[in-house]
Amino acid sequence: MKMFKFAVVLFFAILATSTCKWDRCLEGGTHKHRPSPEPDIHECTLYSESSCCYANFTEQLAHSPVIQVSNSYWNRCGILSKSCEDYMKKIECFYRCSPHAAHWINPNNTAGIEFVPLCQNFCDDWYEACKKDSTCIRNWMTDWEWDENGVNQCKNECIPYNKVYANGTDMCQSMWGNSLKVSESYCLCLQMNEKDAVAIKYLTSKSSEESSSVGSSEERACRRKLQKAELLTEEEGVEIEVFEIL
């Protein structure tokens with residue numbers, strides 16, 4: 001069993017080594033210049049071993065309900081449900097803390113991201129989690145009214161998410177402008193969890209950037225790696241800790 005655990009750790013360590021050369025941070029005010037460990041991080045623990053945010057930033061996300069993140073209030077249409085809030089946290093954590101987010105840096109705004117590929121099932125599950133919650137905006141980047149204190153306010157009435165967005169794809173590709181996109185791939189996409197360690201290796205490769213085909217060699221290789229990792233964990237019931245994959 002010890003040898004098996006060592007093999008699993010080694011498997012993900014190799015993945016980490018292959019992607020670390022891409023690690024840098026976005027240029028926003030809350031980002032570090034370079035990623036580094038944050039062992040005392042309060043939330044966003046997926047990125048604790050290599051983080052672009054400081055631990056004190058995540059205090060805003062560490063307790064539920066989340067009311068405010070920087071100058072943005074999440075409760076303008078009432079407190080978010082716990083399930084919806086969890087998905088909002090995942091996106092916030094990726095943007096603020098992921099050492100890989102800068103791979104999708106927006107060339108027109110170096111503090112932003114552009115076309116981060118999310119898995120279809122992630123977007124569908126996110127939509128299901130939030131569809132009964134309410135919002136007064138469609139685009140969280142452009143549709144707020146900002147008061148003299150730089151705080152977000154509603155311009156329109158609050159209505160359910162499922163009246164604003166048609167489905168998971170529409171929500172993922174509209175809520176944050178062009179920051180996110182839904183990938184056609186099963187594997188070359190992010191789910192904002194430990195499985196991303198497999199996808200990141202291929203998503204940050206030059207050959208993957210040049211090929212968008214779902215049947216590409218990168219897609220096939222990614223699927224094999226992901227299936228192997230899932231098989232190892234399912235058969236032996238080994239819980240892979242975050243530090244083993246980042």
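Student: Why are α2 and α3 called oblique to each other?

Tutor: In this predicted model, the axes of α2 (residues 82-97) and α3 (residues 120-130) cross at roughly 140 degrees and come within 7 Å. Axes are lines fitted to C-alpha atoms, for helices over the stretch in contact, with angles from 0 to 180 degrees between N-to-C directions. Under 35 degrees counts as roughly parallel, over 145 as roughly antiparallel, 65 to 115 as roughly perpendicular, and the rest as oblique. The pair is therefore oblique.

Student: Which residues of α2 meet α3?

Tutor: Ser83, Cys84, Tyr87, Met88, Lys90 and Ile91 do, against Phe122, Asp125, Trp126, Ala129 and Cys130 in α3. Contact means heavy atoms within 4.5 Å.

Student: What makes a residue buried?

Tutor: Buried means under 20% relative accessible area, exposed over 50%, and partly exposed in between, using a 1.4 Å probe and protein chains only. In α2, the buried residues include Cys84, Tyr87, Met88 and Ile91. Among the elements covering the buried residues of α2 are α3, β4 (109-113) and β5 (116-118). Across the protein chain, 48% of the 246 residues are buried.

Student: What should I keep in mind about the numbers?

Tutor: Residues are numbered from 1 along each chain as its sequence is written, and side-chain values use heavy atoms, leaving out hydrogens and water. Local features need pLDDT of at least 70 and side-chain atom pairs count only at pLDDT 80 or more, while totals for chains, interfaces and linings use all residues.

Note on methods:
Helices (H or I, at least four residues) and strands (E, at least two) are DSSP runs, numbered from the N terminus.
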